[in-house]
Amino acid sequence: MSDYAIEIKNLVKKFDGFTLGPIDFCIPKGTIVGYIGQNGAGKSTTIKLLLGLLHKDSGEIRVLGEENTDSIALKDRLGVVFDDLLFPREMNITDIEKFCSRIYTKWDKECFNKLKIKFDLPEKQVINNYSRGMKMKLSMAIALSHNAELLILDEATSGLDPIVREEILDLLLDFMQDENHTILISSHILSDLEKVADYISFINFGKILFFETKDDLKENYGICTLSNEEVNDIDEAAIVGRRVHSFGQELLVKRNLVPDGIKLQKPSIEDIMIYFVKGERK
Ligand SMILES: Nc1ncnc2c1ncn2[C@@H]1O[C@H](COP(=O)(O)OP(=O)(O)OP(=O)(O)O)[C@@H](O)[C@H]1O
């Protein structure tokens, strides 16, 4: 049995005007991976390929060891949250609970009811009248109520207020108490990923720029503010990106390539993403 929940090798998908890949990464079981990148970078396309909602042009995908990502048996083992609900709009939560209890072999009614109360989801209202946040909460409740092994969350916390986001992050950490559980979560709310992710995978214009542990990223890079003269003493190869100010420059650097004595601060994931993308900002 593979130690990986998700294996992607040489994956390519071409649209008119956009090519995803070739991309490669493997997600170890028992970890949370934050999938980050600018709008249009290819995050949702990757996720749809993983879920069999799009067909790849070439390459290999394995999800929980299965190559056939479209299989019903595999879907039973996955909890999926998109930024929209995929149920008929006239259903209410009772209809949805009944429906899910039929399609998921390990449906946990008690868990769903607890989350329904925790998230304050109304019994009678049809989902067409749900707010965006309510829809996300309902999706999350379903994803967490059928004993899934792998959660795939595409922008699952966007549109939610900070209190609910915090509750959801706690639920994700609870889910990870089982060492065979794994989460892939794409998000623009990098502070959320900062709290929960073990690995960060960064996609830019359809290519993976890095897939590294969050701890390694923070250890290997540093932020410093220097005068223009001081910057001249730094090897260009050490500089990932810079912001030029009237008084000098703020740099993201590779720690092992800068001279001792330069005071470096730990970067946030957001710093790393911005400096990697922009390279140079004036
Ligand atoms: N079905 C499709 N047909 C044609 N082009 C598509 C299709 N789906 C996505 N694309 C294009 O692929 C690119 C990547 O889109 P994708 O939705 O994967 O980005 P994303 O990283 O999820 O962005 P966002 O953060 O804005 O959600 C975009 O240029 C988009 O227009």
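On a 1 Å grid over the protein atoms alone, a pocket is an open set of points where a 1.4 Å probe fits, with protein on both sides within 12 Å along at least five of seven lines. Grid points are joined across faces, edges and corners, and a volume is the space filled by probe spheres set on the points. The structure examined here is a predicted model, in which local features need pLDDT of at least 70 and side-chain atom pairs count only at pLDDT 80 or more, while totals for chains, interfaces and linings use all residues. Residues are numbered from 1 along each chain as its sequence is written, and side-chain values use heavy atoms, with hydrogens and water left out.

The largest pocket has a volume of about 670 Å³. Its lining, made of residues with an atom within 4 Å of a point, comprises 23 residues, and Lys75, Val80, Leu86, Ile103 and Tyr104 lie nearest the centre. At least two lining residues come from each of α2 (72–76), β5 (78–81), α3 (93–103) and α5 (132–143); helices (H or I, at least four residues) and strands (E, at least two) are DSSP runs numbered from the N terminus. By class, this lining has 16 nonpolar, four polar and three charged residues. In this classification Ala, Val, Leu, Ile, Met, Phe, Trp, Tyr, Cys and Pro count as nonpolar, Asp, Glu, Lys and Arg as charged, and the others, Gly among them, as polar.

The second largest pocket has a volume of about 220 Å³. Of its 13 lining residues, Cys111, Leu144, Ser145, Asn147 and Phe175 are the closest to its centre. Helices α4 (109–118) and α6 (162–175) each contribute at least two residues to this lining, which divides into six nonpolar, four polar and three charged residues.

Helix α4 also holds a charged pair. Lys114 and Glu110 both lie in this helix, four residues apart, about one turn, and their side chains meet in a salt bridge at 3.9 Å, N to O. The structure holds eleven salt bridges, each defined as a side-chain nitrogen of Lys or Arg within 4 Å of a carboxyl oxygen of Asp or Glu. In the loop between α4 and α5 lies Asp120, whose phi is near 60°, a positive value in a residue other than glycine.

Oxygen atoms of the ligand take part in polar contacts (N or O atoms within 3.5 Å): one lies 2.9 Å from a backbone N or O atom of Ser44, one is 2.6 Å from a side-chain N or O atom of Thr45, and one is 2.7 Å from a polar side-chain atom of His188. The protein covers 58% of the 640 Å² of accessible area that the ligand has on its own, as computed by the Shrake-Rupley method with a 1.4 Å probe.

Finally, a cis peptide bond joins Gly21 and Pro22, with omega about 5°; Pro22 lies in strand β2 (residues 18–28).

Technical notes
A polar contact is a pair of N or O atoms within 3.5 Å; within protein, one must be able to donate a hydrogen and the other to accept it, and residues adjacent in sequence count only if both atoms are side-chain atoms.
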